[in-house]
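Please look through the model shown below before reading on.

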Amino acid sequence: MSAAVPVPAPEAAAPQPRPRPTPRQGLRRRAGRTGRTGRAMQYTALLCYLVFLAFPLLWLVSTAFKSPRELGSVDPTWLPRHPTLGNFRTALDEQPLLHAALNSLLVAGAAALVSVVVAVPAAYAMVRFKGAVSRAGTGWILVSQMFPLVLIIIPLFMVLKNLHLIDSRPGLVVVYVVWTLPFVLWMLQSYVKAVPVSLEEAAAIDGCGRLRTLRSVVLPLLAPGLVATLMFAFVTAWNEFFFALVLLKTPEKQTMSVILTHFTGAEGAADLGPLAAASLLATIPSLVFFALLQKRLVGGMLSGAVKG
Amino acid sequence: MSAAAATTQPRPGAGTPPPRTPAARRRMLGLDRDAWFLLLPALIPVLVLSVGPLLYGISLAFTDAQSGVTRSTSFTGVRNFADLRLDSLFWESFRIGLVWAVCVTALQLLLALGLALLLNENLRFRWLARTLALVPWAMPEVVVGIMWRLVYNPDAGILNNALRHLHLTSGHTDWLSSLSLALPAVIVVGVWAGMPQTTVVLLAGLQNVPVELHEAAGIDGAGMWRRFTTVTWPALKPVVLSITALNFIWNFNSFGLVYVLTSGGPGGKTRLPTLFAYEEAFRYGQFGYAAAMGLVMVAVIAVLLTVFLRNRLKEADQ
């Protein structure tokens, strides 16, 4: 891997291996048996991974804060010598970036909300009602992953055209709802599985109707999972590019991803700064989301993915 | 109704007896009746905007549908496929797509497996690697593409600069415009972008491997490699299979990354089949022909996956 990207380690030399690491988990005794050379090799490998994963990110951040003069220099440096916010200002002035962000926010927000609202009852039914319907649903979730978007987008384009929903934000919302549904259903199912059936039975015995049980027993228990799923759907729609590229033609309606590719058309070193700045701005929502929900998201995805 | 049924057979000291069979539970919760009602809100958009268009798209592959043409489209049978068979540009793009998907998937798996094994150890700076490994996942495809264009930039890019300082090359390589280097360069980006998901899934698989087995093998004198092949790998194999199959599909169908990096250039050297079909449909307006391409792609993926999964499952049985 490091062979593919041979870049010198810019920061921090390899940490010294410890002969006997204090075991953080009681069962990790095996670590003590790994020899000194083994440890050294492990840390070298870890360092290679860190470099590979981090250096493009560092470069993006550093480019975003460089002045145009520094960007034009023949011998670029790792860190900007005179950090400046000029690129962010240029990016916001030259392209309708704020407007595009608002478009993205509206489209992704609406799509996430509709998708989750529609998926909650379905996920519930698929978990509690194991039968042909549930199997068909799971089958669809898998099959929907297999078809190339190109095959879907052509007929969708023609359908939406007849409905006059081409080049319109509501049209994109509708497409995103359908597009995020498999993921959303998959995540929600794992959360529904965690709700004990006995609670619902207790509610039924106490005389709760179907809807009342859903509203007062199941939904409150699902709330954390709902928030996680909502944010996941939002980020997925916010990051989406292909559908937005095909369906939105008017610049005023275009979303963040599409507007960003307009920057890339211009070459020239001076434009790289604003491009990097705009890219950083476009990444903020996803980063916030992942920072907030790292553990829960990974846990939710995995309980759905691995244990089935 | 459920309350009455539940209270007819009181057991001493046990309170209300729970329903015994799944069917009884469902009946008690009234799910037989309500399942369809609950599924309906999701079912309608899925049928109208996913299943419907998919079937429509498949049927389009057998017509001469074009965009913006007022004359009605007509059924042409397998003519699109006959044309496609002789379209050397498409097959070249198909070959590139396979090279891309196989390379990216294989490298993703190898690198992610290595990283997952490291993260499963009790190392310092593990938290840093864990966090960094998640970042590519969170970034929009377009931003990943832009970021790597900055890295690969021939004059202002950090890659050439670093190579120059290490005296490995003259440092003026134009990575994304070189006929021979563009595809490998794009594959590296694909690996970078797709590694996190694979790592996370494999890490979860690793954490399900019983530590006791490892210890027992260690006491019996098995070295690190032997412990891996006899204990870790068999437990991890199902996870590896499913994530590899999924990765392959995702990679073969990927679009945004390469679109932003090279738009299929130079000279079509990185033109994945998805980009080819996109251009055919939305630049030249050949909807029917592009749909036929999409269908061929699905068919090939399905065949490859069937062969791959069946062979692996057979191995697992023995």
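The largest nonpolar core has 171 residues, and those with the most contacts inside it are Ala111(A), Ala119(A), Ala122(A), Ile154(A) and Val175(A). A nonpolar core here is a set of buried Ala, Val, Leu, Ile, Met, Phe, Trp, Tyr and Cys residues joined through C-beta atoms within 7 Å. Helix H5 (residues 97–128) of chain A gives the largest share of this core, 17 residues. This is a predicted model, in which local features need pLDDT of at least 70 and side-chain atom pairs count only at pLDDT 80 or more, while totals for chains, interfaces and linings use all residues. Residues are numbered from 1 along each chain as its sequence is written, and chains are lettered from A and ligands numbered from 1 in the order in which they are written.

**Helices**
- Chain A has 13 helices and zero strands, and chain B has 14 helices and zero strands.
- Helices (H or I, at least four residues) and strands (E, at least two) are DSSP runs, numbered from the N terminus.

**Burial and contacts**
- Buried residues make up 42% of the 308 residues in chain A and 41% of the 318 residues in chain B.
- A residue is buried if 20 or more other C-beta atoms lie within 10 Å of its own, exposed if 12 or fewer, and partly exposed in between, with C-beta atoms placed from the backbone.
- Of the contacts in chain A between residues at least 6 apart in sequence, 75% join residues at least 24 apart.
- In chain B, residues 24 or more positions apart account for 65% of the contacts with a separation of 6 or more.
- Two residues are in contact if their C-beta atoms, placed from the backbone, lie within 7 Å.
- Leaving aside neighbours within four places in sequence, Ile154(A) touches residues of chain B, namely Gly57(B), Leu60(B), Ala281(B), Phe287(B), Ala290(B) and Ala291(B).

**Annotated transmembrane regions**
- In chain A, an unreviewed UniProt entry annotates "transmembrane region" at residues 43–61, 105–127, 139–159, 171–188, 217–238 and 272–293.
- UniProt positions are given in the numbering used here, feature names are shortened, and annotations may be inferred rather than shown by experiment.
- Residues 43–61 of chain A are 100% helix and 0% strand, with end C-alpha atoms 26 Å apart.
- Residues 105–127 of chain A are also 100% helix and 0% strand, and their end C-alpha atoms lie 31 Å apart.
- For chain B, the annotation (unreviewed entry) includes residues 98–119 and 175–195.
- The span 98–119 of chain B is 100% helix and 0% strand, its end C-alpha atoms lying 31 Å apart.
- The span 175–195 of chain B is 67% helix and 0% strand, its end C-alpha atoms lying 22 Å apart.

**Domains of chain A**
- The domain assignment, which is automatic or from a database, gives domain 1 (1–64) and domain 2 (91–305).
- Four residues of domain 1 of chain A are in contact with six residues of domain 2.

**Confidence in chain A**
- The average pLDDT (the predictor's confidence in each residue, from 0 to 100) is 77 in chain A, and 81% of the residues score at least 70.
- Confidence is lowest in helix H1 (residues 30–33), at a mean of 47, and highest in helix H11 (residues 242–247), at 90.
- Over residues 1–32 of chain A the pLDDT is below 50, and this stretch has 44 contacts in the model beyond near neighbours in sequence.
- Where pLDDT is low, the predicted coordinates should not be read in detail.
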